[in-house]
Amino acid sequence: MEGLLYEILMAFGLGLLGAVVFAAIGLVSGTDETTTLAPLTMLVALLGAPPAGVLTFFLAGAVAKHMTHAVPTALLGIPGDTAATALLADANHLRRLGVPHIALRKMISGAAVAAVIAVPLSVLFAVLLAPFGDVIKEFAPWVFLCAALTIAYFSAGRWAAVLALVPFVLVIVALQTLTAHYGVKLAVSYFLGIAVAPLIASLFALLAPDERERMRRDEYRLFSLAPDVKSWSGYFPNPFKVINPKQTRMTAVAASVSSATFVFSPVAMTVVMGEIIGSRIKQAYDRLTTVITARNGVTESTYIAEALIPLIAFGLPLSPVAAGPAAPLFNAPPRFFVDNATGEINNLHNLLNTYEFLGYGLLSVIVAILVAYPFTMNFAHKAASFVARKVSHESVIATFIGLVLVIGIWEGGLLGVMVILTIGLLGGFLARLIGFNMGVQFMGYYTAVLSVPAIIALTGA
Amino acid sequence: MNQSLAKPLGAPTPPATTDGRTPNLYEVWGDTVAGRDLMLSILLGGAVSLGTFGLAHVALHQVVESVQMAKAYSMLVGILGCLAGGVASAWLFKPKRLVLEQVVDPAFRQQVVAELLKEYGSLGRLEELSPHVVAELHELGLYELFREAQAQEALVREADAEPDRHLPMNASLVGGRS
């Protein structure tokens, strides 16, 4: 009994920590989910937090971040993170109508409603899929290969991305062989390299004279900060009063549907669900506000479902979120791992049971809502103003460069840093030139680690 | 990450340089930075984070028993070092942004309504809204805006629907002959 109480308290504490940290990170625009969630969750796992605590840290962080990302999106017109790019157009319309506070409140209320719905639904879908788990585990290398090809085809690059998988996977295999020669085995470095790829590519471009001229700007960038309006009393406004019954219904439907479609990219689902809901509403203001509510709900439900369903049902990272931001829940060597040679899975999948996933999932969502919802409702304007005026982009870049160096040296010394640099440069330019995006790159990594040995075994036999 | 922003009100002011020189401004990773500041920030961030990580690594391996834990904790300290490097450069180098407190302009609102009409094809009818949404529109002072726009749209539609076959080519809001 004491053990359980300790476990719950640790889970609560780490969930609270995740919610506070990522609520703050969400305010800073450009802080991609993968770049921030993956390394910090990895750290929590490696420091030996109990499995439930690792889960609550990640989930509460993701949910809180997708609430506070509404602040720069609604008030400054810059997307808070990758998922928020899908909300920018709607948010800008509302901002220019002079009601950015409405955009903000609808977004975070939609997020709260969707997050609460998504946890039990994800667990339900996972239970329904679990019987197929053994088959999928048995054919995991081929499932990953198929998933990589599918995700590549549906990326912006289409066939270019599919074909680019070959050299990309080859480079990863080659780098692994090289580091193995020096007795170094890397995993986190590949993830971090992929996650910071756009930054590394930008910095290299800046060093090349021609590209530098193209990146040159004459003026400071202009941001217009929307005015502050508070129209309720107290600290915790009721989300069901902020969004009307129809919006609640639409958000619930969107959250349910997007919980089931866990293999698609969250940004794509956010766009598509918004379009479907929008086409059913005639009046422009009603459409705008309902769509933005539901869309931010979808950014929550996809993240929750895409992390929980593969985790509960298979233990293999078989969704874009599971392969990217949630990767450490599956793979945080030496603590959590998926071993291809023996088919052994040792991660949250076997360390927590279904009821624990449900309970700790709901705990994370509730903690995140209690932290991020009232904070955003009450301090959005002050927070946006502080970030825009005080946090320079140089300092954000400096932090990430520090992260690259520390993680690289920590995992593999100088070799680690060089691998991050290589993968980052290659991934960054492939993404920029042919739309070979981060999701495809993560699947490329899994193909190299899981599918390639199987392919070699097959052709060698 | 590049997106065009709504033009704010008032003329944009030139970059405020403290020392009179024009800084080399570049757009990197979605926002504007000054070349020199970026270089110094990266050096500072790298030095502070690696420095703290290195110190923690040496110190912790002597204090903590388990090598595994010492390694994990030195990473934690290293990540705090990254943050410290970031805070230091935020303190040294100011953002290259101009932040204007926005005031709502009625002309802006008209423009948004026109854009919505173009995007959605129709603004729909206020009469079909639920009382919740109507109350919200009244509260925000947007009801009249949409009512007028709706009346305007109906007028245009009526004018177009008239069987005038000599209309110019561009007056094909409701299809026409193509």
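**View 1. Strands β1 of chain A and β1(B) pair across the two chains.** In this predicted model, β1 of chain A covers residues 216–217. Strand β1(B) spans residues 25–28. The two strands run antiparallel. They are joined by 2 bridges. A:Arg216 stands opposite B:Tyr26 of β1(B).

**View 2. A salt bridge links B:Asp31 to A:Arg221.** The contact is made by the two side chains, with an N to O distance of 3.9 Å. That value falls inside the 4 Å cut-off, so the pair counts as a salt bridge. Across the interface of chain B and chain A, the rule finds 5 salt bridges. Polar contacts across this interface join 23 residue pairs, with both residues at pLDDT 80 or more.

**View 3. Helices and strands of chain B face chain A.** The elements of chain B that give two or more residues to this side include the strands β1 (25–28), β2 (31–34) and β3 (97–101). Among the helices are α1 (35–63), α2 (67–92) and α3 (106–120). Helices α4 (131–140) and α5 (143–161) also belong to this set. The most comes from α2(B), with 14 residues. Sorted by class, the side of chain B that touches chain A has 46 nonpolar, 17 polar and 14 charged residues.

**View 4. The interface of chain A and chain B, taken as a whole.** In chain B, 77 residues are in contact with chain A. Their partners in chain A number 73 residues. The area buried between the two chains is about 7600 Å². Carbon and sulfur atoms give 66% of that area.

Key
Residues are numbered from 1 along each chain as its sequence is written. Chains are lettered from A and ligands numbered from 1 in the order in which they are written. This is a predicted model: local features need pLDDT of at least 70, side-chain atom pairs count only at pLDDT 80 or more; totals for chains, interfaces and linings use all residues. Side-chain values use heavy atoms; hydrogens and water are left out. Contact means heavy atoms within 4.5 Å. Buried area is the accessible area (1.4 Å probe) that two parts lose on being put together, summed over both. A polar contact is a pair of N or O atoms within 3.5 Å; within protein, one must be able to donate a hydrogen and the other to accept it, and residues adjacent in sequence count only if both atoms are side-chain atoms. Helices (H or I, at least four residues) and strands (E, at least two) are DSSP runs, numbered from the N terminus. Ala, Val, Leu, Ile, Met, Phe, Trp, Tyr, Cys and Pro count as nonpolar, Asp, Glu, Lys and Arg as charged, and the others, Gly among them, as polar. Two strands pair if DSSP finds at least two bridges between them.
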